[in-house]
Amino acid sequence: MNKLAFCALIVALCLGAALAQTQVCLPTQFSVFESLWDPSQHTVIESIHRFDWPGQRERWDIQIESPKKVYETFIIDYKQEREWLISNGQCWMRDIHGSLHQHCLLESASYQGLVTVGGSLKVDVWKEEFQAKDGSTAVNMALLTNGTNYPVQGVFWSKDTGVVQINYFDFYPAVDDNAFVPPPYCPHAASTDFQVCNSLICSGATAQACKCGSVHELSTPSCTETCQLSAFCVANKLC
């Protein structure tokens, strides 16, 4: 995601060096509405994302409008080692292993400065650079609220994807435990037909096809060993 690179004053450069010594992370629990716009794919992805790192739980309620509306929900519980996918009135469950990682910028992220958004909101601008899958340099710019690290906006660019922008709304640093309880009609034993991702969003990607770099963690699910939801990764061919 692209950040405005403008650190011009020596004092700003010194501050950036000092801040970069510790990794920048989002709160360990949060609920947020996310809206992603990918002009190259003519795709709008809207989601409610609930994240609970201490409880090792995550939930995504997704809507994609390209070319038709798709609604899907993913509930992931690493302590129970289960993942549920709810789509078109159906529910599948599969066994999972691993752990949920906290959402952090790369340790190499560079601080670009402090700016004001909307006349009063103070935000820190961070820049990440890394090697994209085609070998070119990709850039991620992230705007986080000053002092609290709540995400405001991210702009990602690579040669392969072009510019992808995501905006964050109604960020709240807590979660509702009830959000991680699957509906009563969901199975509590692994579904035999969940060998390949049933998600329409994942477009049939196999269970280990989606692996995203940490640079995308502000806008994607953990993406570690599954195509889980990964609306961002799959729709934008970043995995």
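## Strand E9, a covered strand

Let's start inside the sheet: strand E9, residues 137–145, is mostly covered, with 8 of its 9 residues buried. Buried here means under 20% relative accessible area, while exposed means over 50% and partly exposed is in between, using a 1.4 Å probe and protein chains only. Strands (E, at least two residues) and helices (H or I, at least four) are DSSP runs, numbered from the N terminus.

This is a predicted model, where local features need pLDDT of at least 70 and side-chain atom pairs count only at pLDDT 80 or more, though totals for chains, interfaces and linings use all residues. Residues are numbered from 1 along each chain as its sequence is written, and side-chain values use heavy atoms, leaving out hydrogens and water.

## Who E9 pairs with

On one hand there's strand E8 (residues 121–131), which runs antiparallel to E9 and is joined to it by 9 bridges. Two strands count as paired if DSSP finds at least two bridges between them. For Gln-131, the bridge partner in E9 is Thr-137.

On the other hand there's strand E10 (residues 151–158), also antiparallel to E9, with 6 bridges joining the two. Here Val-139 has Trp-157 in E10 as its bridge partner. The hairpin of E9 and E10 has 5 residues between the strands, and Gly-147 takes a positive phi near 90 degrees there.

## The whole sheet

Zooming out, 11 strands form an open sheet with antiparallel pairing, in the order E6-E5-E4-E3-E2-E1-E11-E10-E9-E8-E7. The edges are strand E6 (90–95) and strand E7 (110–117); each has a single partner strand, so one side of each is left without a neighbour in the sheet. On average, neighbouring strands of this sheet are turned by 15 degrees against each other, direction ignored. For such angles, axes are lines fitted to C-alpha atoms (for helices, over the stretch in contact), and angles run from 0 to 180 degrees between N-to-C directions.

E7's partner is E8: the two run antiparallel and 7 bridges join them. Tyr-111, for instance, has Trp-126 in E8 as its bridge partner.

## A look at Ser-35

Ser-35 is found in strand E1 (residues 29–38). Is Ser-35 buried or exposed? Its relative accessible area is 18%, so Ser-35 counts as buried. Leaving aside residues up to four places away in sequence, Ser-35 touches Ile-45, Glu-46, Gln-165, Ile-166, Asn-167 and Phe-169. A contact means heavy atoms within 4.5 Å.

## Two disulfides

A search of the whole structure turns up 2 disulfides, each being a pair of cysteine sulfur atoms within 2.5 Å. Cys-25 and Cys-104 form a disulfide with their sulfur atoms 2.0 Å apart, and this link is right-handed, with 100 degrees about the S-S bond. The pair links distant parts of the chain, 79 residues apart: Cys-25 is in the loop between helix H1 (10–19) and E1, and Cys-104 is in the loop between E6 and E7. Both Cys-25 and Cys-104 are buried.

Cys-91 and Cys-186 form a disulfide too, with sulfur atoms 2.0 Å apart. The torsion about their S-S bond is about 105 degrees, so this disulfide is right-handed. Cys-91 lies in strand E6 and Cys-186 in the loop between strand E11 (162–172) and helix H2 (231–235), so the pair ties together parts 95 residues apart in sequence.

## The chain overall

The protein chain has 2 helices and 11 strands, and 51% of its 239 residues are buried.
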